[in-house]
Amino acid sequence: MSSISPDVVRTCKNIIRDRLVPLFVYLPFWAHIATNCKILISYSVQTAGIDPHNNIYFNPDFLRSLNSRQQLFLIAHELSHAAFMFFERKQNRDQKLFNVAQDYVINAILTDAFEHHTILSKSKFQPPGILYAREAIDYTAEEIYAMLCNEQQSMQSPGASSSSSSRSGSNSSWQNQMREVLRQIEQENLILDALHQALEDGVIIYNEELESSATGSDMEVAVRKAWITAKQAGTLPGSLRKHLDQLLEPFVEWDVQFEATISNSATRENKNRYAWNYSNRRQDSYGDIVMPTLRGHRCKAVVAVDTSGSMHMAMRRSHNADCTYLEQAMSEVEHLRKEYDLDIFLLNCDVQVNESEWVHPWEDLPSFTGGGGTNFVPVFEYIENHDLNPDILVFFTDGYGNYPEEAPPYDVIWVIFGEYHPPFGDVIKIPV
Ligand SMILES: [Zn+2]
């Protein structure tokens, strides 16, 4: 454990500084995470590492041995452990196995992101010795952990056939690779990067002024911000989006809210129409919009998003620092449709309906800009004039605007940013 010469510190600082530029340009999601983490160098790690406080370490010799793209990959790899909240999600799992599992996920996502990038894919980008299997992109770290545990068990009792093989194809090369990895762990030959504690000999080379690296809920806020920013810039790799969707909980608990709406409709003669989990709804009552869901039920949902000027206010709630009402609304729409695997008819309005389109579950949500005043009436007129006949209208707004004089013949859920209470419909209030 030798001390680090000023020359080496300077070189490593320059490397990180130089890699941050392409990180911001090509991989902004990771760049945002980087602003929340301290980066250090230390000879106590063989390659790289992250401690439970989300401090990131690089072995200076290893870092300098890599080409610029490999350095970028390595930096993004460690930042991904922070973004995917390794230490929070590990819970009481075996740290080494969970490290392997998350490494597979991270390396698959990064490889996918690099491969699909014309500039990043120009030369070799995977650092040597990484755990990589293309298939891992379809699994969560928790699922891969379970697969590893199964493999471990079947290796310990060779008589029993491996049941985990079915998911990745029997005797796949990934399965063989996992077995090799498990053998290496047993022999303590595998270099892993999740550290048990902060390293004492680390020298900070990035974010010296940061009091400490973000952890827990602060990191979650950072991930949300990074997510929203990268998503709006259209730079969030699809595979990453899927993993983050699983990670980031929506503010509104949609299942609970819909249950509430269903029970609030108790006075309605046909309240069972709204029981999302029962398929006793009349099949002949649908107009020209029919929305199948994977659960085998059909629901016609129109989602309206108020894009007027006041929706561009920043949420003050610490959970979503710096995120605007509109950004939070779009994030809630994303969770709502994912929760129910929903086709939605999406409207965007200020004093009029500006854009309207079907968005299928596998399609990205459009990004809305907007501005100007608010009038809700055109949305209700649009629904009527186009014979949409929805089961439900979910309206995201701060609530200030002109309302129709009468409630429409379908359920309305207002998702209100602030305290306003609309004259009809169910209300979900989001504190701002
Ligand atoms: Zn790792």
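Biologist: At roughly what angle do the axes of helix H4 and helix H6 cross?

Modeller: Before the angle, please keep in mind that this is a predicted model, in which local features need pLDDT of at least 70, side-chain atom pairs count only at pLDDT 80 or more, and totals for chains, interfaces and linings use all residues. Residues are numbered from 1 along each chain as its sequence is written. Helices (H or I, at least four residues) and strands (E, at least two) are DSSP runs, numbered from the N terminus. Axes are lines fitted to C-alpha atoms, for helices over the stretch in contact, and angles run from 0 to 180 degrees between N-to-C directions. Here the axes of H4 (residues 68-83) and H6 (residues 95-115) come within 10 Å and cross at roughly 135°.

Biologist: What word describes how H4 and H6 lie to each other?

Modeller: Angles under 35 degrees count as roughly parallel, over 145 as roughly antiparallel, 65 to 115 as roughly perpendicular and the rest as oblique. H4 and H6 are therefore oblique to each other. The contact is made by Phe73, Ala76, His77, Ser80 and His81 on the H4 side, and by Gln102, Ile106, Asn107, Leu110 and Phe114 on the H6 side, where two residues are in contact if their C-beta atoms, placed from the backbone, lie within 7 Å. Sorted by class, this contact of H4 with H6 has 5 nonpolar, 5 polar and no charged residues; Ala, Val, Leu, Ile, Met, Phe, Trp, Tyr, Cys and Pro count as nonpolar, Asp, Glu, Lys and Arg as charged, and the others, Gly among them, as polar.

Biologist: How do the axes of helix H7 and helix H9 cross?

Modeller: The axes of H7 (residues 141-156) and H9 (residues 173-186) come within 10 Å and cross at roughly 70°, which makes H7 roughly perpendicular to H9. Met147, Leu148, Glu151, Gln152 and Met155 of H7 make the contact with Gln175, Met178, Arg179 and Leu182 of H9. By class, the contact of H7 with H9 has 5 nonpolar, 2 polar and 2 charged residues.

Biologist: Turning to the strands, in what order do the 6 strands of the open sheet stand?

Modeller: Strands of a sheet pair through backbone hydrogen bonds, either parallel or antiparallel. Two strands pair if DSSP finds at least two bridges between them. In this open sheet the order is E7-E6-E5-E8-E9-E10, with mixed pairing. E7 and strand E10 (426-430) stand at the edges, each with a single partner strand, so one side of each is left without a neighbour in the sheet. From one strand to the next, the twist averages 15°.

Biologist: How is E6 joined to strand E5, and how to strand E7?

Modeller: E5 (residues 301-306) and E6 run parallel and are joined by 5 bridges; among the facing pairs, Val302 has Phe345 of E6 as its bridge partner, and Asp306 stands opposite Cys349 in E6. E6 and E7 (residues 353-359) run antiparallel and are joined by 6 bridges, with Glu355 in E7 as the bridge partner of Asn348. A hairpin of 3 residues joins E6 to E7.

Biologist: Are the residues of E6 buried or exposed?

Modeller: A residue is buried if 20 or more other C-beta atoms lie within 10 Å of its own, exposed if 12 or fewer, and partly exposed in between, with C-beta atoms placed from the backbone. In E6 (residues 344-349), 6 of the 6 residues are buried, so the strand is largely enclosed by the rest of the structure. In a regular strand the side chains alternate between the two faces of the sheet. Accordingly, Ile344, Leu346 and Asn348 point one way from E6, while Phe345, Leu347 and Cys349 point the other way.

Biologist: Which residues does Phe396 touch?

Modeller: Phe396 is found in strand E8 (residues 392-397) and is buried, with 27 other C-beta atoms within 10 Å. Not counting residues up to four places away in sequence, Phe396 touches Val305, Asp306, Ala329, Glu332 and Val415.

Biologist: What is the phi of Asn54?

Modeller: Most residues other than glycine have a negative phi. Asn54, although not a glycine, has a positive phi of about 65°. Asn54 sits in the loop between strand E2 (48-50) and strand E3 (56-58), and counts as buried, with 26 C-beta neighbours inside 10 Å.
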